[in-house]
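Please look over the sequence and the predicted model shown below before reading on. The briefing that follows goes through confidence, sheet, helices, backbone details and pockets by topic.

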Amino acid sequence: MRWLAVLCGLLIGWGGVAQACGADSDCRIGERIYRISLPEGTDPPVGAVVWSHGYRGSAAGVMRNMSLRRMVNDRGMALIAAEGVGGSWDLPNGPRTMDSTGAAEFAYFERVIADATARFGIAPDRLVATGFSAGGMMVWNLACARPALFAGFVPFSGTYWQGPPETCARPASSVVHIHGTGDGTVPLDGRAIGPTRQGRVSDAVAHYAAHGAFGGFEISVEGPLRCRTAQNAGGERLELCLFDGGHSFRTEFLTYGLDRLEDAGKL
């Protein structure tokens, strides 16, 4: 009987390893995964930042950004690192996905949120979608197609391929877009890549402003950020913030975006 007890112990141990899920291990949902960094001393987290990585990135790579993790966790929020397939996102009109509707990715994010809120007790109404470069493109598509899935959106240095979709789902949500004026990878005015073209950031903002009935833009300077901000009757905020620089991300800029959503009563 001793061998049976040993075998049971091994199975329990293996089961624990298989169920491990956090910043250093994958949370598996079907064939896809995500990773999560939880705040200390806040159980459950007061919300979550859902990050979409750039091209050829990974959830593990996101978790190596300790500045990002500390900032999010210090707010009492979880950092959820989503992961595309093969380091890429299935974006509508992309150079490798021109026939895509994005439906597979929208379903993936819905599964991530369902799993994370159930597993870690995260409030589903306190989620923010953010990401950089191709991840910023993913965030814009989520803002258009699934605005009710998140309390707000903070895309960095990414926009729609070709241009905005004909229509977006209602009601519009809050979007704070941040972009470098000297970005040569995803230029503000777009650029051609293969058979398609990166869209213009101004077109994405103008389209969402019309879609959400946002009022006139007011100009402000917030440190290195030069921002244009508009609100609508529902209290949502649309903001475009530019900085002098290239294709880059700074944790302090995400702090600004989260603060703006909090000021608007979204967090």
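Which helix gives the most to the lining of the second largest pocket? That helix is α5, covering residues 134-145, which contributes three residues to the lining. The structure is a predicted model, with a mean pLDDT of 92 for the protein and 93% of its residues at 70 or more.

**Confidence**
- Over residues 1-19 the pLDDT is below 50, and this stretch makes one contact in the model once near neighbours in sequence are set aside.

- Sorted by class, the lining of the second largest pocket consists of eight nonpolar and six polar residues, with no charged residue among them.
- The largest pocket contains about 380 Å³ of space, and its lining is made up of 20 residues, of which Y55, P95, R96, A134 and W161 lie nearest the centre.
- In the lining of the largest pocket, ten residues are nonpolar, eight are polar and two are charged.

**The sheet**
- Ten strands form an open sheet with mixed pairing, and their order across the sheet is β1-β2-β4-β3-β5-β6-β7-β12-β11-β10.
- The edges of this sheet are formed by β1 (27-29) and β10 (218-222), each of which pairs on one side only.
- On average, neighbouring strands of this sheet are turned by 20° against each other, with direction ignored.
- Strand β11, residues 225-231, runs antiparallel to strand β12, residues 237-243, and six bridges join the two; within this part of the sheet, A230 stands opposite L238 in β12.

**Helices and their surroundings**
- Helix α7, which spans residues 251-263, lies across β3 (47-52), β5 (127-132), β6 (152-156), β7 (175-180), β10, β11 and β12, and the helix runs at about 160° to β6.
- Residue H207 is found in helix α6, which covers residues 201-211, and H207 touches P164, P165, E166 and C168 when residues up to four places away in sequence are not counted.
- Although H207 and G163 are 44 residues apart along the chain, their C-alpha atoms are separated by 9.3 Å.

**Backbone details worth checking in the viewer**
- The peptide bond that joins D43 and P44 is cis, with an omega of about 5°, and P44 has its place in the loop between β2 (32-37) and β3.
- A cis peptide bond also joins R170 and P171, where omega is about -5°, and P171 is located in the loop between β6 and β7.
- S133 has a positive phi of about 65° although this residue is not a glycine, and S133 lies in the loop between β5 and α5.

Technical notes. Residues are numbered from 1 along each chain as its sequence is written. This is a predicted model: local features need pLDDT of at least 70, side-chain atom pairs count only at pLDDT 80 or more; totals for chains, interfaces and linings use all residues. Side-chain values use heavy atoms; hydrogens and water are left out. On a 1 Å grid over the protein atoms alone, a cavity is a set of points where a 1.4 Å probe fits but cannot get out, and a pocket is an open set with protein on both sides within 12 Å along at least five of seven lines; lining residues have an atom within 4 Å of a point. Grid points are joined across faces, edges and corners, and a volume is the space filled by probe spheres set on the points. Ala, Val, Leu, Ile, Met, Phe, Trp, Tyr, Cys and Pro count as nonpolar, Asp, Glu, Lys and Arg as charged, and the others, Gly among them, as polar. Helices (H or I, at least four residues) and strands (E, at least two) are DSSP runs, numbered from the N terminus. Contact means heavy atoms within 4.5 Å. Two strands pair if DSSP finds at least two bridges between them. Axes are lines fitted to C-alpha atoms, for helices over the stretch in contact, and angles run from 0 to 180 degrees between N-to-C directions. pLDDT is the predictor's confidence in each residue, from 0 to 100.
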